[in-house]
Amino acid sequence: MRLLELHIYGYGQFQQKEILLNSESVQVLFGKNEAGKSTVMSFIHSILFGFPGKQSADSKYEPMTGAGYGGAILAETEQLGRIRIERIPGKAGGEVTIHYGEGEKGGEELLKELTGGIDKQFYKAIFSFDVHGLQEVHQLKEEELGKYLYLTSMVGTDSLYQLENQLSKERERLFKPNGKKPLLNEELARTKDTYEQLKQAKQKNLEYEELKSIKEETGNVLERLQKERTQMIRQLQQAEKAQNVLPLLKEQSDCLNELEKLPDTKGFPVDGLARLEQLQSGLNPMKGQRKALLSQFERLTEQQRINKPDETILEKREAVEQLKLSLDSYEKTLFKLEKGRAELSLLQHEINNEKRNLSLINLDNREILSLETSFDVVSRLRESTEKKRQLTERKRLLDEQFDRSREALEESEGQINQYKKSLLQPEQRESLAKQAGLLSKKAASNEKEAEKAELKQLTDQIRIHEEAKKAGKSRMMLTVILLSLILLAGTGWATLNQQWILGGILTAACVLAIASFYLQQGKDPVMQHLVKRKGELEDELLKAQGQEESALFSKLEEVKGELWKDEQMRQLLETEKAQLLQKERAYDRILIQFEAWEKELFQLNEEGSNLASILGLDSAGVQNDLSAALEAIMKLKDKIVQYNQLQEKHQERLKEADRFTALLDQLKGLPINENLKVKDRIFEGYTLLNIERDKQLKWLQANDRLHELEEEIKNLTEKIDYQQGLIIDLLNKASVKEEEDFRNLAAVYTRRLSLQEKLNWVTKQLEEQTSGDDRQNLSLKDDYELKINELKDRIEQLEKEETEKQKERSQTIYHLQELEKNGTYSDLLHEYEQKKSIVRKLSRDWLVQSIARDYLQKTIEYHRSVRMPKLLKKAEELFSYLTNGNYQALYLPKEEQTFIAERKDGTRFQARQLSQATAEQLYISLRFALAVTINEKHGLPIMIDDGFVHFDEERTVQMIALLKKISADQQIIFFTCHRHLLSHFEKNEILTLTNRGSSLLYKEVLKGTGI
């Protein structure tokens, strides 16, 4: 059963609301607290299984505004197809009606059959669960976890787990085989001690046993005397009763004797005389009434002859009435015919123009209507248009990338040529090297060699540092530009494909690269230090040396600078060549993308040609405007359909006019002037018809009255004959022929009835006062007075004997009581009996708990052997899916209530050894496996109320993927108030419940979720 729509008449805060559950995957109902999620879930429970009763703990959700309580669910079933389940207030859980098929209906029995006969509690335990099950897993100790998961796999809840724990604890509280503290163990020990003390006291009380024997013997004698006295009293009562009924017996005998003497009236009818007089009193009035009816019959016959109608005119009645009723419609039809001809002509002209515009003039209307413009073609055309737009945008981006890549190549090649031009010729480089050597030797002979060497070194370092900084800045600039272009291209591609997260990351990376470049362009502290130190050394050397030495040193520095600059240029040239190679590779990749784009464009053009062929169009003429052509064809088809509909209506109007003309021709046989207008001819014919109808009415009324009179006369005659027959029948039953003889026999009959009534009363009195056997033993000749006296004497004697024995028994009981007062035996006996009673009660309680636990264990074993293999296989599949294949198998150890999970490396863990997260995943796998296994026949929806709110992001993704996988075979309705979960579902899978003021709105589009 798959739920399609919820129609809420009135339930909680909902009134006259409809909810469409049209998701083919998981149906998500999202809403904040108080938005109505629990109300919707309770509504589904109530419609399927009945409203909550007065004693139920569930909320009834009755409308506060007085709206109608209840609603309906539209569902799809395998047995009956689409059905509507409606439940409104009624007896018990409400009155349910199931509408299916072609107007067929069913009730509660059919609903139970469709839901597999399960009740609300069972459904909520198996198919409807929330976060509380996972919370229970969190709270359990390690040693209890495996047993909890095992028992939960039977009924979906922890009820069996709680029940078994309760039975075990109660059983151990009452008794343990080797225990001392349980209640039954303690009471058995105390009873045993009391019994030993009782045996010792009993041996010291031999006299007590002898008195008990006398007490028992006198008790037996008393019982025998009491039985005999009771028997004598009963016989006395019977004799006194017989003496009292003797007058009745004598009166019964007198009645029987008189009845034998009277003549036999066995055949005489009951109340015969009264019946005879009643029949004679009703016969004469009926004869007078029959005579009056015959006179009235003759008078009506003459009136009927005078008012006989003309059947020729009456035969045309239907045609005349139809013409009168259809006259206005006929005149309107003539007007519509003229108007319809004009509309058809105009529409045909428009259709021909559209055909010429689309080059379809050679196709007739039927061929154009047969052109394929289905949803599939429209979808393909929309996809083709969207793909063309994407390819155009992609071509634009590729062109931009190509231009940038080409410019970068040209710039790099120009830089290489510039570097080559800046290099020294080999002869120049060799000459400068020799000149630097000579100048170095001259400078070596001067003083302050250390300061000069340091100054030279600083000068070289400053030059190297400046060149490296300039080259690095250039390389960094090129790298940042190239990286920015690549990141911007990636951002554009992500935006086109709606990959917002990836686009955001790429944009952030681009901004970060540009910011890093500008942050590195600040002041250089190393360079400042070198420049400062160089100035200091130059000042020192200038003070110490003359002009000639300074000139020599400057010349040496200039020569070495030229050589160093040439070396730096050679290094920059090699670096630029490496970068040129990378740019060429990037250029080649763009060319490959151009080839892929051209291939996709070719496929798109092929698809456009196919669509044009399907639409019957010239592919060359409409390749760039297929959408407009399709829209024009669909409009043309609409006009053709409109033309066909107008043509059908025009033909119907022509037929309607022909039918009116045919009816008018039927008036030709009537006395009507043919030269009159149609309207006047119809009016004249209607007047003639009314005259003849009046005659017909009078004739029919007279005819009906004649039939009534015939029937009344016939009935009266039959009644008269019947009355006379009853009188004859009465005389025959009494076996007489004359009325006088009948009356004499009636007097004898009355006397016999009186005697029989008296006899019945006497007999009844005898039956009430005596039994059947007593009446047989009664005789008028017996002397009951003598028998009564003898019985009284015997009863008096028995009472004396009984008094003596009672006195003897009382004395014996008194002596026993004295002995019991003087000793401990009575106390011990009383205490022993009390303890035995307590032991019996505790034993009974322990036995009840043991039997209940035994039945529970048998039920669990049945589940283990019959249902568990199939359930375990399904749970194993789901568990492996949830853990990403980390766990591949589940086992159920023999005679143990737990599970063993096998990891993919072959390691096995008992349930108590699993981590908390893995135990939760195993619990969910078992719950779903149980629901899926039970749900194979009936396909009931599974409802989940925020069951995974505590999962981390990775487990949440896996859980939702599992829900979608299961939803392929059966419906899943997921209730949640957490907005972050919605990003894992498609737009058409989400239904949002929002509360604005006092009204509830339903929206399918969520704002602020990115969906």
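Let's start with the aromatic rings: this predicted model holds 9 aromatic pairs. Rings of Phe, Tyr and Trp (for Trp, its six-membered ring) pair if their centres lie within 6.5 Å; planes under 30 degrees apart count as stacked, over 60 as edge-to-face and the rest as tilted. A pair of aromatic rings is described by the distance of the centres and the angle of the planes. Here are two of the pairs:

| Pair | Centre to centre | Angle between planes | Type |
|---|---|---|---|
| Phe-402 and Tyr-587 | 5.2 Å | 35° | tilted |
| Phe-974 and Phe-985 | 6.2 Å | 40° | tilted |

Where do Phe-402 and Tyr-587 lie? Phe-402 is in helix α14 (residues 375-422) and Tyr-587 is in helix α19 (residues 547-614), so this pair ties together parts that are 185 residues apart in sequence. Helices (H or I, at least four residues) and strands (E, at least two) are DSSP runs, numbered from the N terminus. Phe-402 counts as buried because its relative accessibility is 18%. Buried means under 20% relative accessible area, exposed means over 50%, and partly exposed is in between (1.4 Å probe, protein chains only).

Now for the other pair in the table. Phe-974 belongs to strand β13 (residues 972-976), while Phe-985 sits in the loop between β13 and β14 (990-996), 11 residues apart. Are they buried or exposed? Phe-974 and Phe-985 are both buried.

Rings can also gather in a group: Tyr-11, Phe-43, Phe-51, Tyr-61 and Tyr-69 form one aromatic cluster.

Lys-395 lies over the face of Trp-597, 5.5 Å from the ring centre. Over at Tyr-891, the charged end of Arg-908 sits over the ring, 4.1 Å from its centre. The rule here is that NZ of Lys or CZ of Arg must be within 6 Å of the ring centre and within 35 degrees of the ring normal.

What about disulfides? The structure holds 0 of them, where a disulfide would be a pair of cysteine sulfur atoms within 2.5 Å. As for cysteines, Cys-255 counts as buried because its relative accessibility is 4%, whereas Cys-977, at 28%, counts as partly exposed.

Next up, the strands. Two strands pair if DSSP finds at least two bridges between them. Strand β1 (residues 2-11) and strand β2 (residues 14-20) run antiparallel, joined by 6 bridges. Gly-10 has Gln-15 in β2 as its bridge partner. The hairpin of β1 and β2 has 2 residues between the strands, and Gly-12 there takes a positive phi near 65°.

Strand β12 (residues 942-945) runs parallel to strand β8 (residues 128-130), with 3 bridges joining them; Phe-129 stands opposite Ile-944 in β12. Another 4 bridges join β12 to β13, again running parallel, and Met-943 stands opposite Ile-973 in β13.

Finally, the whole protein. How many helices and strands are there? The protein has 28 helices and 15 strands. Buried residues make up 37% of its 1011 residues. Take the contacts (heavy atoms within 4.5 Å) between residues at least 6 apart in sequence: 74% join residues at least 24 apart. The accessible surface comes to about 62,000 Å², of which 50% belongs to carbon and sulfur atoms. Such areas come from the Shrake-Rupley method with a 1.4 Å probe; for residues, only the protein chains shown count as cover.

A word on the ground rules: residues are numbered from 1 along each chain as its sequence is written, and side-chain values use heavy atoms, with hydrogens and water left out. As this is a predicted model, local features need pLDDT of at least 70 and side-chain atom pairs count only at pLDDT 80 or more, while totals for chains, interfaces and linings use all residues.
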